[in-house]
Amino acid sequence: IEVEVLESITCRLSADGGVLDFEVKGQLNLLCHEEDTKVLLHLAPQSRAPAADFKVRPNPQMSKPDFAKGVLQMRSADRPFPKQLGLLQWKLKSTDENMIPLKLVCWPEDIGDGKMNVNIEYNLGDTALTLHDVLIKIPLNNHGTPEIVTSETGVYRHNSRRHILEWEINVIDADSSSGILEFEIDCTDKADLFPVTVSFGSNDTLYPIEIGNITTLDGEQAKYGQRKQLKVEQFEIESE
């Protein structure tokens, strides 16, 4: 038995960090490698209170009274699970800045002589999360090589072929929750430095859910594996 907890996010921010659009979609899937699998999936106590805006919906094949008690099982207990089945779905749409897992601000400022000073700052929105393989891409649009002024965390590189400044941070968590990259570049139009795109992954999900244990109808423990994955479908900072 395998349990998958999969979640994806779509986010559009303004340059000052305001939320233009934010959506979360998630699902909990069950994969059974044996025929005639009849089990009860017991949800673990939630590690933190989920946002009230989350809408959670069980598969119609699930028993709603048991789901209300934190148990996922077929509506008819004697009916085995199919080999693959989505048990739960959840969704959230919001413009609340407090919901964003990674808060970002991109602040370009004209400093004269045809140059732009740019500050990009990130802050972890929820310290219960650990984000990995964070990649922030700033378009440079043929404006030449940027001059790095400050780089507190991560690794930056100028992709001259694609005219992009890439800022990569391996891990963002409670112990390393913020960072700033500052650079100067020959540019007079702020719009040329947008949209900034962001990607990352996580083994945590915004909706706090996982299976605590799985038992047979006789109450015996069943062996199972579980994995959780959060991925970014789209994450952009747009010019004002």
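Modeller: Lys-25 counts as partly exposed because its relative accessibility is 43%, and partly exposed is the class between buried (under 20% relative accessible area) and exposed (over 50%), with a 1.4 Å probe and protein chains only. Please note that this is a predicted model, in which local features need pLDDT of at least 70 and side-chain atom pairs count only at pLDDT 80 or more, while totals for chains, interfaces and linings use all residues. Residues are numbered from 1 along each chain as its sequence is written, and side-chain values use heavy atoms, with hydrogens and water left out.

Biologist: Where does Lys-25 lie, and which residues gather with Lys-25 in a patch of positive charge?

Modeller: Lys-25 is in strand β2, residues 19-31; strands are DSSP runs of E with at least two residues, numbered from the N terminus. On the surface, Lys-25 gathers with Lys-55, Arg-57, Lys-91 and Lys-93 in the positive patch. Two or more residues of this patch come from each of β4 (55-58) and β6 (84-94).

Biologist: What makes residues a patch?

Modeller: Patch residues have over 30% relative accessible area and no salt bridge, and like charges are joined within 9 Å. A salt bridge is a side-chain nitrogen of Lys or Arg within 4 Å of a carboxyl oxygen of Asp or Glu. A patch of negative charge is formed on the surface by Asp-16, Asp-53, Asp-96, Glu-97 and Glu-240.

Biologist: Why is Asp-96 called partly exposed, whereas Asp-36 counts as exposed?

Modeller: Asp-96 has a relative accessible area of 35%, and is therefore partly exposed. Asp-36 reaches 52% relative accessibility, so Asp-36 counts as exposed. Asp-96 is in the loop between β6 and β7 (102-112), and Asp-36 is in the loop between β2 and β3 (39-43).

Biologist: Are Phe-200 and Phe-235 buried or exposed?

Modeller: Both Phe-200 and Phe-235 are buried.

Terms used: Patch = residues over 30% accessible without salt bridge, like charges linked within 9 Å, V, L, I, M, F, W, Y side chains within 5 Å. Areas by Shrake-Rupley, 256 points an atom, 1.4 Å probe, with all protein chains shown as cover. Lys, Arg positive; Asp, Glu negative; His and termini not counted. Charge placed at Lys NZ, Arg CZ, Asp CG, Glu CD. Helix = DSSP H or I, 4+ residues; strand = E, 2+ residues; numbered from the N terminus.
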